[in-house]
Amino acid sequence: MKIVKVQDYEEISKKAASYIAAQVQLKPSCILGLATGSTPYGTYQELIRYHREEDLSFQKVRTVNLDEYYGLPATHEQSYSHFMRENLFRYIDILPENTHIPDGLATDPNAFGREYDELIVSLGGIDMQLLGIGSNGHIAFNEPDNCFVAQTRLVDLNHNTIEDNARFFESAEEVPRQAISMGMKSILGAKRILILASGKGKADAVKGMLEGSVDPMLPASILQLHQNVTLIADLAALSQTTESVLR
Ligand code: PGA
């Protein structure tokens, strides 16, 4: 795994956006795998700037998002559909029909998951997948478990994730208990993976991902098996990582 060590969140956002902008410039019809949450917010702000000031066009880009809360309609303020629309899509020239996000209201979420994985294959696979990392080491909503799960499917959220995400809701009780999450097969099928980590709260998960064994109890550790992963992390997120690993 290539590690790009930067000072702070702002620098993570600038670096990550420069990788994604380069991907779009090199292949205007690329497939981008996108993430939600606090971490990619700044990256999307920076991509909006690229669009406005550097004429970066997303007209031919197609996107697939990692996950969606189960039970929330796309119009709900805390849905990831809403997040993507309000924090990226409405400010760039991407065509709405080229953006894909799991349907939080799918009546058969596991059948939906199979179709989502097939859609990704039919698009030609993900060229660049953007990821955050949970404080418990999750990627997308693949939570710590006894085994890695390949398929996109309905998942139960772990108590850490519910607590971490309560900040976006009125209270922890309001956080949905389930989500549809992209599985490891589609994530690891991406040609390039960019994983971002900011802040002390991620430091233990980052250390485990880089220094531990490949272990489903720390889902991000599976990225050790991928040939083309770049971690962009700030000093706080790398504060627990052994110095020699960073050289
Ligand atoms: P965050 O979430 O960016 O809101 O910290 C990351 C994740 O859970 O993947």
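In which sense do strand β2 and strand β6 pair, and over how many bridges? Strand β2 (residues 31–34) runs parallel to strand β6 (residues 128–131), and the two pair over 2 bridges. Strands here are DSSP runs of E, at least two residues long, numbered from the N terminus. Two of them pair if DSSP finds at least two bridges between them. Across this pairing, Gly33 faces Gln129 in β6.

This is a predicted model, in which local features need pLDDT of at least 70 and side-chain atom pairs pLDDT 80 or more, while totals for chains, interfaces and linings use all residues. Residues are numbered from 1 along each chain as its sequence is written, and side-chain values use heavy atoms, without hydrogens and water.

Now widen the view. The open sheet has 7 strands in the order β1-β10-β9-β6-β2-β3-β5, with parallel pairing. β1 (2–6) and β5 (99–100) are at the edges; each has a single partner strand, so one side of each lacks a neighbour in the sheet.

Next, the ligand. Around the ligand are Gly37, Ser38, Thr39, Gly132, Ile133, Gly134, His138, Arg167 and Lys202 (each with a heavy atom within 4 Å). This shell divides into 1 nonpolar, 6 polar and 2 charged residues (Ile counts as nonpolar, Arg and Lys as charged, and Gly among the polar).

One lies 2.4 Å from a side-chain N or O atom of Thr39. For a side-chain N or O atom of Arg167, the distance is 3.0 Å. A polar backbone atom of Ser38 is 2.9 Å from a ligand oxygen. Taken alone, the ligand exposes 280 Å², and the protein buries 84% of that (Shrake-Rupley method, 1.4 Å probe).

Terms used: A polar contact is a pair of N or O atoms within 3.5 Å; within protein, one must be able to donate a hydrogen and the other to accept it, and residues adjacent in sequence count only if both atoms are side-chain atoms. Helices (H or I, at least four residues) and strands (E, at least two) are DSSP runs, numbered from the N terminus.
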